[in-house]
Amino acid sequence: MIRASVRLCNPTRSLPRSLTLAQRNGARQLGSQAAPSAQPSYSDVDEVEYADMDWDDLGFSLKPAGYMYATKCTQGGAFEKGEICPYGDLRINPAAGVLNYGQGIYEGTKAQRREDGRVLLFRPDQNAMRMRIGAERMCMPSPSVDQFVDAVKQTAQANKPWVPPPGKGSLYIRPLLMGSGPILGLGAAPEYTFVVYASPVGNYFKEGSAPLNLYVEEEFHRAARGGGGGVKSITNYAPVLKPLIRAKTRGFSDVLYLDSVEKKYIEEVSSCNIFVAKGDVIFTPAAKGTILEGITRKSIIEIARLSNYKVEERSVAAEELFDADEVFCSGTAVGVASVGSITYKDRRIEYKIAANSICRELNRTLVGIQKGFIEDKLGWTVEID
């Protein structure tokens, strides 16, 4: 018997009609918690059920979809069969490893709605494999690739009404793995919880699709060699808040960080990877443990090479930004975003955003595959029944 330190689910809200009776009954048996907000109403649009939301004003803020997936395991054990249950608070021990020692990692992926109403996921197996690598670095057990993908699929299926209409946004899906068991001395937690929740979202940056305005940070560093910079750990994000807030108060979209050793090579932006283009050559910082190996980054590299661009993964000196033709960022949340200017050493570098830019070409292909406009010959998308 596993000793529960986290009460997983709230059975007080009704489960979606798409769930089986067994899933409904299993979800209600997971636990109880104070009831969240009332179940949203639905409207039939082109025979597709949609939650009652303002789809034209999403932005990138939390608007919880109705349901989440949850499971747990003990250290050294395997994760139990997870269940779909209504979205709600987790009840957690104050001595939990995640709260005291930051033992937690997460992923991010999206579900997109096609014009015909069908819903597609994008490369969830890649997120699963990255979580397993990150979990090993953080001394945590992790779900198998199959269980991870199944959890994401179940979450997307349960939350179909919250997948925005075509062209209105996407359903952002957040798998979260954390040390939920109590521990006082520094060490791995005795119990772990794996949760997948979701929220409909629009553009990540307040500028929308407008070019980004980046600031090269020279005082603070995001990661150091030998650390956990290459892991999507929760501990990597709070330290970037101070430089990010400072940059935004100065009118910048985000911060571009330099390496912590020589302080002259660009690494990544707070929430996304970066690419630099010169002619038909695209170069991006190599993933050597200090930057996150983004799923969108990997996809863009593969699409670019298939489009006959030369892609170099290497150290990119900040000075190279002055001679670049264009710069763009990539990430699950941000998509593929063009950069209009970068400020480095008090000098502002501006880039012209042409209609036929490399960024826009690669983005059209990526989005086309993700949304079903372009035939997926690479096997990257997974359709939700």
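**View 1. T109 sits in strand β8.** Strands here are DSSP runs of E with at least two residues, helices are runs of H or I with at least four, and both are numbered from the N terminus. This is a predicted model, where local features need pLDDT of at least 70 and side-chain atom pairs count only at pLDDT 80 or more, while totals for chains, interfaces and linings use all residues. Residues are numbered from 1 along each chain as its sequence is written, and side-chain values use heavy atoms, with hydrogens and water left out. T109 has a relative accessible area of 4%, so it counts as buried (buried is under 20%, exposed is over 50%, partly exposed is in between, with a 1.4 Å probe and protein chains only). Skipping residues up to four places away in sequence, T109 touches F122, N127, V152, L171, Y172, I173 and T332; contact means heavy atoms within 4.5 Å.

**View 2. Q112 is another residue of strand β8.** Q112 is buried because its relative accessibility is 9%. With neighbours within four places in sequence set aside, its contacts are R118, V119, L120, V163, G169, S170, Q370 and K371. Look for K168 too: its C-alpha atom is 9.8 Å from that of Q112, though the two are 56 residues apart along the chain.

**View 3. Here's the largest pocket, with about 920 Å³ of space.** A pocket is an open set of points on a 1 Å grid over the protein atoms alone, where a 1.4 Å probe fits and protein lies on both sides within 12 Å along at least five of seven lines; lining residues have an atom within 4 Å of a point. Grid points are joined across faces, edges and corners, and the volume is the space filled by probe spheres set on the points. The lining has 44 residues, and N203, V334, G335, N363 and V367 are the closest to the pocket's centre. Strands β8 (109-113) and β20 (335-344) each supply at least two lining residues, as do helices α6 (295-306) and α7 (358-370). Helix α7 gives the most, with seven. Domain 1 (67-201) and domain 2 (212-371) each provide at least three; these bounds come from an automatic or database domain assignment.

**View 4. The second largest pocket has a volume of about 510 Å³.** Its lining counts 29 residues, with Y106, Y204, K232, Y237 and S271 the closest to the centre. Two or more lining residues come from each of β10 (170-179), α5 (241-249), β14 (265-269), α6 and β19 (326-331). By class, you'll find 13 nonpolar, nine polar and seven charged residues (nonpolar is Ala, Val, Leu, Ile, Met, Phe, Trp, Tyr, Cys and Pro; charged is Asp, Glu, Lys and Arg; the others, Gly among them, are polar). Domain 1 and domain 2 each give at least three residues to this lining as well.

**View 5. K232 is found in the loop between β12 (212-217) and α5.** An unreviewed UniProt entry lists K232 for "modified residue: N6-(pyridoxal phosphate)lysine"; UniProt positions follow the numbering used here, feature names are shortened, and annotations may be inferred rather than shown by experiment. K232 counts as buried because its relative accessibility is 13%. Apart from neighbours within four places in sequence, K232 is in contact with I105, Y106, E107, G108, R130, Y237 and L292.
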